[in-house]
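This report describes the fold of a single chain and the surroundings of selected residues. Please consult the sequence and the structure while reading.

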Amino acid sequence: TALQPRALVCMGDHPELVEVCRGRYCSKKGSKRTLELMQEMAPEGTTVQVADCSDTDHGCFDECTMGPNVRVGKRILNGVKGPQACADVLGVEV
């Protein structure tokens, strides 16, 4: 069974910054495509970038089994994969 995102509800306002983990395990789970989709869909005023995880022990969000993982503010969203999931995080229509 595929993992379901645990926090994918429409975020309402568009976030200013969305960071996509590109660590080894998230990459294997499709984070490159998630990053591409989010960059394509991002509304004006929203920056989508590779997450800076240099301050963590493993260079990632440490939630590898639930990836691809995305950080919005202080929240980590798990299993963000596919156009609808990306749109939900960004608060946009597919």
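Within helix 3 (residues 83–90), the buried residues include A85, C86, A87, V89 and L90. Buried denotes under 20% relative accessible area, exposed over 50%, and partly exposed the range in between (1.4 Å probe, protein chains only). Just after helix 3, G91 adopts a positive phi of about 70°.

## Basis of the model

The model is predicted: local features require pLDDT of at least 70, and side-chain atom pairs count only at pLDDT 80 or more, whereas totals for chains, interfaces and linings use all residues. Residues are numbered from 1 along each chain as its sequence is written, and side-chain values use heavy atoms, with hydrogens and water left out.

The chain has a mean pLDDT (the predictor's confidence in each residue, from 0 to 100) of 86, and 87% of its residues reach 70 or more. Among the elements, helix 2 has the highest mean pLDDT (97) and helix 1 (residues 24–28) the lowest (91). Over residues 1–11, pLDDT stays under 50. Where pLDDT is low, the predicted coordinates should not be read in detail.

## Overall fold

Three helices and four strands make up the secondary structure, in the sequence order β-α-α-β-β-β-α. Helices (H or I, at least four residues) and strands (E, at least two) are DSSP runs, numbered from the N terminus. Of the 94 residues, 43% count as buried. Contact means heavy atoms within 4.5 Å; among contacts between residues at least 6 apart in sequence, 65% join residues at least 24 apart.

## Strand 1 and its partners

Strand 1 pairs with strand 2 in the parallel sense over four bridges; two strands pair if DSSP finds at least two bridges between them. Strand 1 and strand 3 run antiparallel and are joined by three bridges, and V18 stands opposite V72 in strand 3.

## The setting of E19

E19 lies in strand 1 (residues 17–20). Why does E19 count as buried? E19 counts as buried because its relative accessible area is 9%. Leaving aside neighbours within four places in sequence, E19 is in contact with Q49, A51, D52, F61, N69, V70 and R71. The side chain of E19 also reaches the backbone nitrogen of D52 at 3.4 Å.

Terms used:
Polar contact = N/O pair within 3.5 Å; in protein donor to acceptor, adjacent residues only side chain to side chain.
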